[in-house]
Amino acid sequence: MRAEGRRLTNMVEQTLQFASSQAGKQRYSVETLLPADLIELAVAESRSEIAESGVELTLDVAQDLPPVRGDSSAVMQCLRNLLSNAVKYRGQTKKITLAAVAEGRFVRFDVSDFGLGIGPEDLPHIFEPFYRGRQAVDAQIQGSGLGLSLAKEAAEASGGTLTAASHLGSGSTFTLRLPVAEAQGADS
């Protein structure tokens with residue numbers, strides 16, 4: 001019941017956020033953020049979902065990551081969505097990873113699962129609102145198709161990017177790149 005309640009609450013929140021975004025009412029406040037704090041909070045907020053699923057989360061976070069620029073709520077929503085999706089789409093595997101590393105003028109956050117993967121025909125469309133890939137539909141995995149669309153919007157509003165790489169049957173990696181605080185204003 002707890003998992004179903006969480007799923008329904010998340011769906012309602014995503015729907016409201018999507019409606020706000022479409023109406024042009026979504027506002028972002030970009031500030032300096034510490035990557036370690038973002039990761040710690042995202043993991044803490046996802047802990048019960050991860051524990052209930054029996055998944056092992058491996059963290060691979062580089063030491064002394066530079067501060068990044070972003071909207072705290074938007075970045076947290078993005079990371080939580082990526083962790084939740086990794087749990088949902090892991091297939092029979094019981095492992096997901098969250099890695100973070102400095103990469104030039106960005107900090108790169110990678111969330112990976114080792115499960116279903118996304119087909120090449122679906123990959124170009126996964127960030128479209130309400131789009132659900134064939135594997136998700138066939139596996140009857142619950143979702144609205146809004147999470148990745150909202151996550152991408154949140155990443156871009158923070159001056160970053162969200163991309164995906166996947167292979168059928170071997171999993172997916174979603175990469176969030178946020179600009180280093182000192183790099184803000186430079187060409188990215």
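A: Leucine 178 counts as buried because its relative accessibility is 0%; buried means under 20% relative accessible area, exposed over 50% and partly exposed in between, with a 1.4 Å probe and protein chains only. This is a predicted model, in which local features need pLDDT of at least 70 and side-chain atom pairs count only at pLDDT 80 or more, while totals for chains, interfaces and linings use all residues. Residues are numbered from 1 along each chain as its sequence is written, and side-chain values use heavy atoms, with hydrogens and water left out.

Q: Where is the place of leucine 178?
A: Leucine 178 is in strand 7. Strands (E, at least two residues) and helices (H or I, at least four) are DSSP runs, numbered from the N terminus.

Q: Which residues does leucine 178 touch?
A: Not counting residues up to four places away in sequence, leucine 178 touches Leu38, Val68, Arg69, Val75, Arg105, Phe106, Val107, Phe109, Ser158 and Gly160. Contact means heavy atoms within 4.5 Å.

Q: What separates the C-alpha atoms of leucine 178 and leucine 162?
A: They are separated by 9.1 Å, and the two residues are 16 apart along the chain.

Q: Changing topic, how many helices and strands does the protein have?
A: The protein has five helices and seven strands. From the N terminus on, the elements run α-β-α-β-β-α-β-β-α-α-β-β. Of the 188 residues, 43% count as buried.

Q: At what angle do helix 3 and helix 5 pack?
A: Helix 3 (residues 72-88) and helix 5 (residues 147-157) pack at about 145 degrees, with their axes 8 Å apart. Axes are lines fitted to C-alpha atoms, for helices over the stretch in contact, and angles run from 0 to 180 degrees between N-to-C directions.

Q: Which residues of the two helices meet?
A: From helix 3, Ala74, Gln77, Cys78, Asn81, Leu82 and Asn85 meet Gly147, Leu148, Leu150, Ala151 and Ala154 of helix 5. By class, this contact has seven nonpolar, four polar and no charged residues. Ala, Val, Leu, Ile, Met, Phe, Trp, Tyr, Cys and Pro count as nonpolar, Asp, Glu, Lys and Arg as charged, and the others, Gly among them, as polar.

Q: Which residues in helix 5 are buried?
A: In helix 5, the buried residues are Gly147, Leu148, Ser149, Leu150, Ala151, Ala154 and Ala155. Glycine 159 follows helix 5 and has a positive phi, near 85 degrees.

Q: How many aromatic pairs does the count come to?
A: The count comes to one aromatic pair. Phenylalanine 127 and phenylalanine 174 form this edge-to-face pair, 6.3 Å centre to centre with 85 degrees between the planes. Rings of Phe, Tyr and Trp (its six-membered ring) pair if their centres lie within 6.5 Å; planes under 30 degrees apart count as stacked, over 60 as edge-to-face and the rest as tilted.

Q: Which parts of the chain does the pair link?
A: The pair links distant parts, 47 residues apart: phenylalanine 127 lies in the loop between strand 5 (106-113) and helix 4 (134-138), and phenylalanine 174 in strand 7 (residues 171-179).

Q: Why does phenylalanine 127 count as buried?
A: Phenylalanine 127 counts as buried because its relative accessibility is 17%. Phenylalanine 174 is also buried, at 8%.

Q: Is aspartate 64 buried or exposed?
A: Aspartate 64 counts as exposed, at 77% relative accessibility. Aspartate 64 is not a glycine, yet has a positive phi of about 55 degrees.
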